[in-house]
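Dear colleague,

I am handing over the structure below, together with notes on what was found in it. Please read the notes with the model open beside you.

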Amino acid sequence: MKKIVVLGGGYGGVLTAKKLAKNFKKNDDVQIQLIDRNPYHTMLTELHEVAANRTSEDAVKMDLKKIFAGLKVDVVLDEVENIDFNAQSLQGKRSSYAYDYLVIGTGSKPTFFGIQGAEENSYTLWSYDDAVKLKDRFRQMFTEASKETDKAIRREKLSFVVVGAGFTGVELIGEMAEYRKELCREFFIEESEVRMIVADMAPKILPLLPDNLIAKAEKRLKKMDIEIIVGKQITGVSETGVDLGDQKLIARTVIWTAGVEGAGILDKLDVQQKGRKRIETNAHLQSLDHENVYVVGDNIFFIPEGEERPVPQMVENAEHAAPLIAHNITADIKGGTKKEYKPAFHGTMVSIGSRYGVASVGLPGKFFPLTGLFAMFAKHAINVLYLCTVLGFNKVWTYMMHEVFHAHDRRTFLGGHFSKRSPNFWLVPLRVFVGWMWLHEGWDKLQKIIDDPNKIFLIPADPRADVVSAASQAVGNVADTVDAQAAASAVQTAGEAVTAIPVPGFVSDMVQSMMNLMFYTGDGGYTWLATAFQIGMVAAEIIFGLMLIAGLFSAIASLATIAMGLMIWSSGMAPTDMWWYWFAAFALIGGSGSIFGLDYYVLPWLKKHWKKTWFAKRWYLYTDD
């Protein structure tokens with residue numbers, strides 16, 4: 001039995017454990033264990049949204065046991081305090097854990113560079129708990145300031161300083177500026193009274209971005225009434241502000257985002273470290289001191305061949321390193337050739353509030369800038385791709401709800417147009433009416449089928465058949481059906497002027513080819529498939545009509561009626577009143593059956609039992625609501 005222990009449930013740890021589980025899913029002699037002190041994985045890059053109340057607190061958390069449901073990974077909740085590399089054992093507060101292979105992915109923590117008072121008097125943004133504390137702090141300061149009569153103290157409580165103008169600091173101050181508007185409305189405070197500052201010792205903000213994007217970011221921050229102070233030595237932090245040499249920024253709330261270093265446990269480890277407690281590795285991402293110890297994510301200190309700097313402490317580094325480490329451990333156990341770490345990073349991006357961002361993306365040596373909506377779209381797209389690898393449909397659905405459809409206070413890159421919600425009960429009359437119309441149409445057609453099962457009236461006559469015969473049939477068709485009306489060409493031949501929704505030529509050609517293959521015989525008659533199709537269409541109209549009336553699976557029924565309408569249209573037989581069928585069905589997709597309908601009872605029951613199935617757990621095919 002070989003035991004692999006992954007220490008840390010961050011980006012690198014989770015992705016490595018998932019890759020290992022895939023590689024060893026058929027190997028019962030390999031055990032994989034992931035250890036973390038929290039029961040959830042945190043999206044650290046989105047903490048600023050929680051801190052500034054753009055998304056709910058659970059938006060950045062993912063249950064580790066849910067992530068590894070159906071996978072051969074044992075999730076253990078414990079805080080590891082030391083590692084004995086000689087004994088190949090980890091010592092936690094609850095127990096000790098032996099390993100044959102160890103992956104260290106403990107992540108980072110804020111570093112304060114020895115600046116007096118910085119750690120004691122600053123808030124940080126490096127964990128879920130940090131984000132929640134900050135959100136509470138903002139509300140607390142506005143609450144107290146709204147009652148404060150002393151102008152100086154009121155000013156202090158309404159002043160906020162973010163130290164650190166890198167990605168985290170800029171993203172946070174941008175979100176805070178938007179949150180300011182909401183808090184000012186709630187507590188009846190003028191926005192001009194609130195002071196927000198981002199300060200850094202570096203000569204410019206966002207130093208990893210090109211100068212043209214930095215200029216755009218600065219312009220956006222100033223437009224949001226955020227003060228920028230750069231190139232100033234920070235000498236101390238107190239309960240009332242930040243010391244910048246001989247200058248003091250007065251503020252009751254200081255947030256420190258100025259840098260990171262390795263997690264606390266690294267202080268106790270006898271391994272070679274460089275660059276603020278990062279573990280030095282070889283090209284296979286093994287510790288230089290222990291071949292069976294691999295390093296992932298922020299803990300890596302490795303300078304790729306041809307580069308001058310070590311790999312950056314960013315999520316994409318963890319995403320590249322995780323599969324390589326899983327491959328190399330697999331090669332150690334099963335035999336094979338190890339791979340060397342040669343990351344190719346695709347750029348960086350930063351959001352400034354919910355609606356604007358800047359990004360430099362592309363391939364090594366071929367980066368191009370993005371700003372505004374395009375940068376925000378790129379950021380969200382990358383997040384979605386990452387979530388697909390971690391928690392699949394479940395988290396992607398949740399993310400889209402938080403970021404687009406349920407966005408708080410219209411704070412979304414789409415401007416809130418998709419997040420405006422109306423009560424579903426206004427749609428109940430429309431749902432019942434559309435259902436009745438489909439039921440009525442289907443029931444009338446059913447009577448025709450019962451009278452003569454062999455009479456085909458929902459499929460145009462074969463244009464290759466005798467024109468007079470086709471015209472005669474078309475005249476009969478007009479009396480038989482409302483939505484079919486008969487093929488437009490055949491009706492015109494018969495002299496009956498029926499208005500149909502136009503169909504592009506290439507669509508008509510494709511549909512005609514399909515009909516020639518499936519529905520028509522060589523002598524211009526109809527095949528048995530034509531009869532089956534007609535019966536199926538009539539049955540569908542009745543069934544989906546009843547489903548809409550009853551409010552049962554109303555979203556599915558709405559989509560199905562749209563599909564039926566498209567089939568009728570593509571055959572050239574859709575009258576103009578088909579337009580309202582389509583648009584009404586689109587309006588009903590969003591859950592109209594949950595009000596005065598069976599969906600109110602059926603869907604919660606199905607969700608409860610569906611999410612318990614192994615298939616849904618394994619592939620995350622469920623939602624949490």
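Two strands are taken to pair if DSSP finds at least two bridges between them, and the elements themselves are DSSP runs numbered from the N terminus, helices being H or I with at least four residues and strands being E with at least two. This is a predicted model, in which local features need pLDDT of at least 70 and side-chain atom pairs count only at pLDDT 80 or more, whereas totals for chains, interfaces and linings use all residues. Residues are numbered from 1 along each chain as its sequence is written, and side-chain values use heavy atoms, with hydrogens and water left out.

On those terms, five strands form an open sheet in the order β5-β2-β1-β9-β22, with parallel pairing. Its edge strands, β5 (74-77) and β22 (293-295), each pair on one side only, and the twist from one strand to the next averages 20°. Within this sheet, β1 (residues 2-7) and β9 (residues 101-104) run parallel and are joined by four bridges, with Ile 4 standing opposite Tyr 101 in β9. Helix α1 packs on the sheet, where it touches β1, β2 (30-36) and β9, and its direction makes about 165° with that of β2; contact here means heavy atoms within 4.5 Å, and angles run from 0 to 180 degrees between N-to-C directions, the axes being lines fitted to C-alpha atoms, for helices over the stretch in contact.

Helix α1 (residues 11-23) also packs against helix α10 (residues 372-390), at an angle of about 45° and with the axes 10 Å apart. The two helices are therefore oblique to each other, given that angles under 35 degrees count as roughly parallel, over 145 as roughly antiparallel, 65 to 115 as roughly perpendicular and the rest as oblique. On the α1 side Tyr 11, Val 14, Leu 15 and Lys 18 take part, and they meet Tyr 386, Thr 389 and Val 390 in α10.

Elsewhere, four bridges join the parallel strands β13 (residues 195-200) and β14 (residues 227-230), and Ala 199 has Ile 229 in β14 as its bridge partner.

Finally, a search of the whole structure finds 21 aromatic pairs, where rings of Phe, Tyr and Trp (its six-membered ring) pair if their centres lie within 6.5 Å, and planes under 30 degrees apart count as stacked, over 60 as edge-to-face and the rest as tilted. The pair of Phe 142 and Phe 160 is stacked, because the ring centres are 6.1 Å apart and the planes are at 15°.
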